[in-house]
Amino acid sequence: MASGRELVTEPMANKPLLITNATLVTWGDENRILPGHALRVVDDRIGGLGPDAEMRARYPEDKTLDAGAQLLMPGNICAHTHFYGAFARGMAIPGDSPKDFPDILERLWWKLDKALSVEDVRASAEIFMVDAIRNGTTTLIDHHASPNAIAGSLDAIADVVETAGLRACLCYEVSDRDGPDKLKAGIDENVRFIRRSVPSARPVWRRHLGLHASLSLSDASLEACRAALPEGGGFHIHVAEHESDEYDSLKRSGTRVVDRLQRHGILGPRSIAAHCVRGCARGGDPGRDRHVGDPPTAFKYEQCGRSRRHRGPDPSWHQGLPWHRWVLACDVGRVEGGLLPAQGGSP
Ligand SMILES: [Zn+2]
């Protein structure tokens, strides 16, 4: 990984790079597709773009890279993922097929994450970084769990992300499932990581306290998490990933998941609500005042279904929700300043 970073960043930092013969896709508010264009990179930043011949004439001394007319576009953002899931690819669950999502949690994910050491966590992040780079994803929002290797796990992931030269937003997944000591250790790992002083240029953001889901957190635990969150932070939590989350919330509180989380101060403009698959609209709109991480890859792994966003237009679901509040994992999305700082901002 280290040698890969040297190859990519050092020539750029030393001498402007002109990527020629590219088809530029700009995205943004006014998406443009510009064939026959060139893009100039100066000190790892975009230093200009324009028609190919014009840019070549203007910057004859630049180092050049011929894009071969391929697409050149901003890096993708993966809005919700689990790096340790790299170990579950192609893994079959022994015995009968799982009957539903809670069964998958019990028989796959909660067995896998308990087996992880900090070194395993590091290795899974390395695998993920390779795939991200290969697929043009440069920013990842991760949700990590390793109940038997909690302390320091976020630092191990951060080291890998920084070595890879990518950007990430990291948190540790807190839940009641392994008892009060693990709950406290999870909260402590998040708070320690958020508060750890790091140079402002480092590309890992420390803003979120990770929560598994409403279904694995008591009222007291939600309150403990809210009380522990450092000022300026937010939460990253699975919301209504499966109907069991809604039924559990109704049983615990008489309200659906979004309302329960609202009541405990978990959702807000700095929080990420992942999935939101089930009919949250009747229990409040999870996207109105917060960000929704909506990962298609999870549909493949969990078979929970798709959010209404993917099933087609449904005004009752996302009416009034600015597009940039939806951040599609493994797809492009713009993340505004409330969630992630602009590039180069403090972590
Ligand atoms: Zn998830």
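What follows is a short chat about helices and how they cross.

Guide: This is a predicted model, where local features need pLDDT of at least 70, side-chain atom pairs count only at pLDDT 80 or more, and totals for chains, interfaces and linings use all residues. Residues are numbered from 1 along each chain as its sequence is written.

Visitor: Are α4 and α5 roughly parallel or roughly antiparallel to each other?

Guide: The axes (lines fitted to C-alpha atoms, for helices over the stretch in contact, with angles from 0 to 180 degrees between N-to-C directions) of α4 (residues 118-134) and α5 (residues 153-164) come within 9 Å and cross at roughly 30°. Angles under 35 degrees count as roughly parallel, over 145 as roughly antiparallel, 65 to 115 as roughly perpendicular and the rest as oblique. So α4 and α5 are roughly parallel.

Visitor: How many charged residues does the contact of α4 with α5 have?

Guide: Contact requires C-beta atoms, placed from the backbone, within 7 Å. On the α4 side, R122 and E126 are among the residues making it. Asp, Glu, Lys and Arg count as charged. Alongside ten nonpolar and one polar, the charged residues number two.

Visitor: And where does α3 bend?

Guide: Helix α3 (residues 101-114) has 14 residues and should span 20 Å at 1.5 Å a residue, which agrees with end C-alpha atoms 18 Å apart. The bend is the angle between axes fitted to the seven residues ending at a residue and the seven starting there. For α3 that is about 25°, at L108.

Note on methods
Helix = DSSP H or I, 4+ residues; strand = E, 2+ residues; numbered from the N terminus. Expected span 1.5 Å × (residues − 1). Contact = placed C-beta atoms within 7 Å.
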